[in-house]
Structure formats: C-alpha cells, structure tokens
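Student: I have a structure open and I'd like to learn how to read it. Could we go through some features together?

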Amino acid sequence: MKALVYRGPGKKEWVDKPKPTIEKPTDAIVRITKTTICGTDLHILSGDVPAVTDGRTLGHEGVGIVEEVGTAVSSFKPGDKVLLSCITSCGRCEYCKKGMYAHCEDGGWILGHLIDGTQAEYVRIPHADNSMYHVPEGIDDEALVMLSDILPTGLEIGVLNGRVQPGDVVAIIGAGPIGMSALLTAQFYSPAEIIMVDLDDNRLQMALSLGATRAINSSDGKAIEKIMELTGGKGVDVAIEAAGFPATFHICQRILAPGGRLANVGVHGKPVDLQLQELWIRNVTITTGLVSTNTTPLLLKAVTSKKLQPEKLITHRFPLDDIMKAYDVFSQAAKEKAMKVILYAD
Ligand code: ZN
Ligand code: ZN
C-alpha cells in the first residue's frame, strides 16, 4: 500500500510499504477514505518531535471503512464506517478510568507518532473498541475528519478548560484550525464577545464569518492595547492560546481580567516568560492539556444536528495520491489561504 512516511527533519516520502496486519486481538485494520494534515505533522517534519523515527507513517486523523478486526473487538465488524480518534485508549488503565485518555498507559497520542498513522491507504488501530466511533447515517465524512482531533482539542483544552460561560468575553489568540475549532465550540456556551487575534487578515475574515465578534490583526504588536481598549480596560474572562509561541502566550497573560482563565492549547517548543508577579494577585487560572477526545460523542451529535458545521474549515481537497502537493499547500497556509485540507481515497 501507499503511505506518507517521515524521513528525518525536513524530509518525507510517499512510499510503498506493507499493508498493516492485526497484531493484537484488540486491533482493527481500517481502509482510509478521508484524512487530513495537522499542524502537528508540520512540527514533526521540522524535527520538533524526536520520538518520531525514520519510516514512520504520519497522520492521526481520518475516516475509513473497517477491513478486518481482531478476535477481541466486539463493537465493530468489517464494512463498518468509522471515525478514528487521534487518541488511542485501552479503557482499562488508571488514566482511562479517570477519562484522561490522552495519558492511557497503552495508548494516548500514538498514531502517526509512536506507531504508523492515517496518511496511508490502511491503518492499524489498537484498542479499536475504545478508539473508533460509528459514523451516523447521512453525516458528511469531511465534517467528521475535523472530529478526529481539532474539534475535541478546541473544545476540551480551549473552551472547557477555559470554563467559557454565557456573557463571557473570550479572546482566541491564533486563528488556525485549532483556534477556529475553539471559536466554533465556544459558541455552545453563548459568550458575549469572541475576539479573534491573528497575523493573517484572510484567517481573521474567516473567523468573523464563523462567529467571531471582533478581529484584531496583531502584526503591529499592539494586540494587548487593542484588547484592553475594547474591554474598557478590564480585560477578558477567557484567553485561549492557540498558537504556541512565547509572544502569543504573553498576549494571553496580559489581557486577563481578575478571575480570568488562560487556557493554553498551543504546542510550545520554547519556554515562556510567566509574569507571575503580575498574575498572582488577580485570581487567574492557567490550564494546559492534551486532548482526551472524551467530547467526541457530543460533537458527533452536534454535527449530526447541524449545530456545528466543521466542514466550513475545509479550504482544499486532494486525492490521497497527491499528498505531497497537499503538504506544500498546507505548509504555506497564508499564501495558499489554506485552513484544513482533505485527502480522499474513495
Ligand atoms: Zn492533530
Ligand atoms: Zn488506558
């Protein structure tokens, strides 16, 4: 079969490799019908995730058709259409029992990281009963691909960790796919304002069309002043960091109202300057996290009822065979006006 493999920092290749086989009774083999590229894949390619080794198939998002199941898999059978979670969970370990699937002792984020992932014609899914979802009838596959990772991440690590409440003023720093997912799911909780901050006017325009009430281009370095002015000098109730840079974290820590919550979602590669001397007296909360995807069932229902339309984040589509071209487009997102790309093989 064909697969997109990591070849060391800066290098990837679309190669032939053996089709995966059942290794444990709890495994399933899934034929990929739709997948996508994540910002995390770009981090891996730039060498930021050293646990990923030469020859690893990338990708941790997708929808597909079950091809084969191990003898211990009871909820799925060949032919079933499934949504793959980016998080693998055994359902039995201490962390799974607490609902922290991200930290499953025999799973967590392993797809396209520690085991071969979804940017291929077939993928092996360990602990299939706990790590896949049946696709409801009549639901758009492309929308579902957004539920493998970005929507649960925006909701769990941004909106829920940030405890967004009715009437809140929310700022989201970073209007990439994760920031947009936080924007879409924050609206479940009716905040009064959602202020979107980014360097790219095209992304800010998209954010306004998806429900942001204000958009601030931060390329002049004045985002903090502008947000303070917009909020009458008070600051925001929730600042969602969805970029992963010291500068964007800094904006978040400087715009919090007393009692504010800073929900960090961004993947940080460098230390940040935590200004605790300003923050300690302001009753603020700072949260971090890796998605557990335990909100996937509720997101599935929200997509089915059209309360949530994550397909609006899709800007480009390519046949799976054209994945190298899709990477070129996704890695030049500003120039290409790209948000999420869909790779299809059906
Ligand atoms: Zn991802
Ligand atoms: Zn577990």
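Predicted model: local features only at pLDDT ≥ 70, side-chain atom pairs only at ≥ 80, totals over all residues.

Student: How many strands form the open sheet, and in what order?

Tutor: The general idea is that strands of a sheet pair through backbone hydrogen bonds, either parallel or antiparallel. Here 6 strands make up an open sheet, and the order is E10-E9-E8-E11-E12-E13, with parallel pairing. The edges are strand E10 (214-217) and E13, each of which pairs on one side only. From one strand to the next, the twist averages 15°.

Student: Can we zoom in on one pair? How many bridges join E8 to E9?

Tutor: There are 5 bridges between E8 and E9, and the two strands run parallel. To see the pairing residue by residue, find Val169, which stands opposite Glu193 in E9. Then find Ala171, which has Ile195 of E9 opposite. Helix H6 packs on this sheet too, touching E8, E9 and E11, and its direction makes about 160° with that of E8.

Student: How do I tell what is buried in those strands?

Tutor: Count neighbours: a residue is buried if 20 or more other C-beta atoms lie within 10 Å of its own. For E8, 5 of its 5 residues are buried, so the strand is mostly covered. Val169, Ala171 and Ile173 point one way from E8, while Val170 and Ile172 point the other way, and all are buried. In E9, 5 of the 6 residues are buried, so E9 is largely enclosed by the rest of the structure.

Student: And single residues? Is Leu83 buried or exposed?

Tutor: Leu83 counts as buried, because it has 24 C-beta neighbours inside 10 Å. You'll find Leu83 in strand E5. Not counting residues up to four places away in sequence, Leu83 touches Val63, Met132, Tyr133, Val135, Leu144, Leu147 and Ser148. Take Leu144 from that list: Leu83 and Leu144 are 61 residues apart along the chain, yet their C-alpha atoms are separated by 6.9 Å.

Student: What about Asp80? Where does it lie?

Tutor: Asp80 lies in the loop between strand E4 (62-69) and strand E5 (81-84). Asp80 counts as partly exposed because it has 17 C-beta neighbours inside 10 Å. Leaving aside neighbours within four places in sequence, Asp80 is in contact with Val66 and His134. The C-alpha atoms of Asp80 and Val267 are 34 Å apart, and these two residues are 187 places apart along the chain.

Student: Now helices. At what angle do the axes of H5 and H6 cross?

Tutor: For two helices, look at how their axes are placed. The axes of H5 (residues 150-160) and H6 (residues 177-186) come within 8 Å and cross at roughly 70°. That is why H5 and H6 are roughly perpendicular to each other. The crossing of H5 past H6 is right-handed.

Student: Which residues make that contact?

Tutor: From H5 they are Ile150, Leu151, Thr153, Gly154, Leu155, Gly158 and Val159, and from H6 they are Pro177, Ile178, Ser181, Ala182, Thr185 and Ala186. Sorted by class, the contact has 8 nonpolar, 5 polar and no charged residues.

Student: Which residues of helix H9 are buried?

Tutor: In H9 (residues 246-254), the buried ones are Thr248, Phe249, Ile251, Cys252 and Gln253. As a general idea, an α-helix has 3.6 residues a turn, so residues three or four places apart point the same way. Among the elements covering the buried residues of H9 are strand E8 (169-173), helix H8 (223-230) and strand E12 (256-264).

Student: One last thing: what should I look for in phi angles?

Tutor: Most residues other than glycine have a negative phi. Ser190 is not a glycine, but its phi is positive, about 50°. Thr293, also a residue other than glycine, has a positive phi near 60°.

Student: Are Ser190 and Thr293 buried or exposed?

Tutor: Ser190, in the loop between H6 and E9, is exposed, with 11 other C-beta atoms within 10 Å. Thr293, in the loop between strand E13 (285-287) and helix H11 (296-304), is buried, with 25 other C-beta atoms within 10 Å.

Conventions
Residues numbered from 1 in each chain as written. Chains lettered and ligands numbered in written order. Axes fitted to C-alpha atoms, helices over the stretch in contact; angles between N-to-C directions. Helix = DSSP H or I, 4+ residues; strand = E, 2+ residues; numbered from the N terminus. Parallel < 35°, antiparallel > 145°, perpendicular 65-115°, else oblique. Left-handed = near helix turned anticlockwise from the far one by under 90°. Contact = placed C-beta atoms within 7 Å. Nonpolar A, V, L, I, M, F, W, Y, C, P; charged D, E, K, R; others polar. Buried ≥ 20, exposed ≤ 12 C-beta atoms within 10 Å, placed from the backbone. Pairing = 2+ DSSP bridges.
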